[in-house]
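User: I would like to learn how to read a protein structure feature by feature. Please take me through the one we have open, giving the general idea before the case each time.

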Amino acid sequence: MARTFGGHSMVAPLRRVLVRRPAETEAEARAWREFGYYHPPDLARAAKEHAHFVDLLTEAGAEVRVADGAQPGRLDSIFVYDPAITTNEGAIICRMGKPLRRGEEHSIAQALLAEGVPILATIHGEGTLEGGDTFWLDERTLIVGRSYRTNDEGIRQLRHALDGIAE
């Protein structure tokens, strides 16, 4: 059976993409200040832009999969790149550095498992790591930025999880 996931490239054509719909309720949108937004989101516009984004991905040849499971109160959960790092062997579930985003990890892990992506490791304890601080430079090199979202312990755990798989 052919592998249906991978992630050691940031430039290869996308074949399968996991997305999550943007916030849909006024109750979700009310948290905009807590999440650091400059103004409340326009829910109708966000839905329209997301639908257009999905259309563009589809037109480019990608199979678009939608992560089920609402994320009430998680205005940033649309950014599915942050709570997990996908490798050619499976996913590493991050531990969000932004406290408001904690809890997304379990939901994305469930969505990935439902799509047939094995979980290789989970960042835990004092480690924090967000996928938005990472970039596959090539098939063997993952660049990780240390930030307020990603700390040394998270990087140490990631390095341990990646030992031998990016070769």
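**Reading a polar contact**

Analyst: Let us start with one atom pair: the backbone nitrogen of Gly 97 lies 2.8 Å from a polar atom in the side chain of Glu 130. Such a polar contact is a pair of N or O atoms within 3.5 Å, where within protein one must be able to donate a hydrogen and the other to accept it, and where residues adjacent in sequence count only if both atoms are side-chain atoms. This is a predicted model, in which local features need pLDDT of at least 70 and side-chain atom pairs count only at pLDDT 80 or more, while totals for chains, interfaces and linings use all residues. Residues are numbered from 1 along each chain as its sequence is written, and side-chain values use heavy atoms, with hydrogens and water left out.

User: Is Glu 130 buried or exposed, and which residues does it touch?

Analyst: Residues are sorted by relative accessible area (buried is under 20%, exposed is over 50%, partly exposed is in between, with a 1.4 Å probe and protein chains only). Glu 130 has 0% relative accessibility, and therefore counts as buried. Its place is the loop between β5 and β6 (134-138), where helices (H or I, at least four residues) and strands (E, at least two) are DSSP runs numbered from the N terminus. Leaving aside residues up to four places away in sequence, Glu 130 touches Asp 82, Cys 94, Met 96, Gly 97, Lys 98, Arg 101, Arg 149 and Thr 150, contact meaning heavy atoms within 4.5 Å.

User: How should I read a helix, and which residues of α4 are buried?

Analyst: For a helix, ask which residues are hidden, where they point and what covers them. In α4 (residues 152-162), the buried residues are Gly 154, Ile 155, Gln 157, Leu 158, Ala 161 and Leu 162. Looking down the axis of α4, these residues fall within an arc of 165 degrees, so they line one face of the helix; the arc is taken from the directions that lead from the helix axis to the C-beta atoms. Arg 159 and His 160, on the other side of α4, are exposed. The cover over the buried residues of α4 includes β3 (84-86), β4 (91-93), β5 (119-122) and β7 (141-144). The N-terminal end of α4 is capped by Asn 151, with a side-chain oxygen 3.2 Å from the backbone nitrogen of Glu 153.

User: In what order do the strands of the open sheet stand?

Analyst: Two strands pair if DSSP finds at least two bridges between them. Here three strands form an open sheet in the order β3-β4-β5, with mixed pairing. Because β3 and β5 stand at the edges with a single partner strand each, one side of each is left without a neighbour in the sheet. Between β4 and β5, which run parallel, there are three bridges, and Ala 91 stands opposite Ile 119 in β5.

User: How many residues link β6 to β7 in their hairpin?

Analyst: The hairpin joins β6 to β7 through two residues. These strands run antiparallel and are joined by four bridges; Thr 134 stands opposite Val 144 in β7, while the bridge partner of Asp 138 in β7 is Thr 141. Glu 139 lies in the loop between β6 and β7, and with 45% relative accessibility it counts as partly exposed. Glu 139 and Asn 88 are 51 residues apart in sequence, yet 9.3 Å apart in space from C-alpha to C-alpha, and a polar contact of 3.4 Å joins their side chains.

User: Which residues make up the largest nonpolar core?

Analyst: In soluble globular proteins, nonpolar side chains tend to be buried together. A nonpolar core is a set of buried Ala, Val, Leu, Ile, Met, Phe, Trp, Tyr and Cys residues joined through side-chain atoms within 4.5 Å. The largest one here has twelve residues: Phe 5, Leu 18, Ala 67, Val 80, Ala 84, Ala 91, Ile 93, Ile 108, Ala 109, Ala 111, Leu 112 and Val 117. Two or more residues come from each of β4 and α3 (104-114), and the largest share, four residues, comes from α3. A second, separate core has eleven residues, including Ile 85, Ile 92, Cys 94 and Ile 123.

User: What covers the buried residues of α3?

Analyst: The buried residues of α3 are Glu 104, Glu 105, Ser 107, Ile 108, Ala 109, Ala 111 and Leu 112, and their cover includes β1 (16-19), β3, β4 and β5. Just after α3, Gly 116 takes a positive phi of about 85 degrees.
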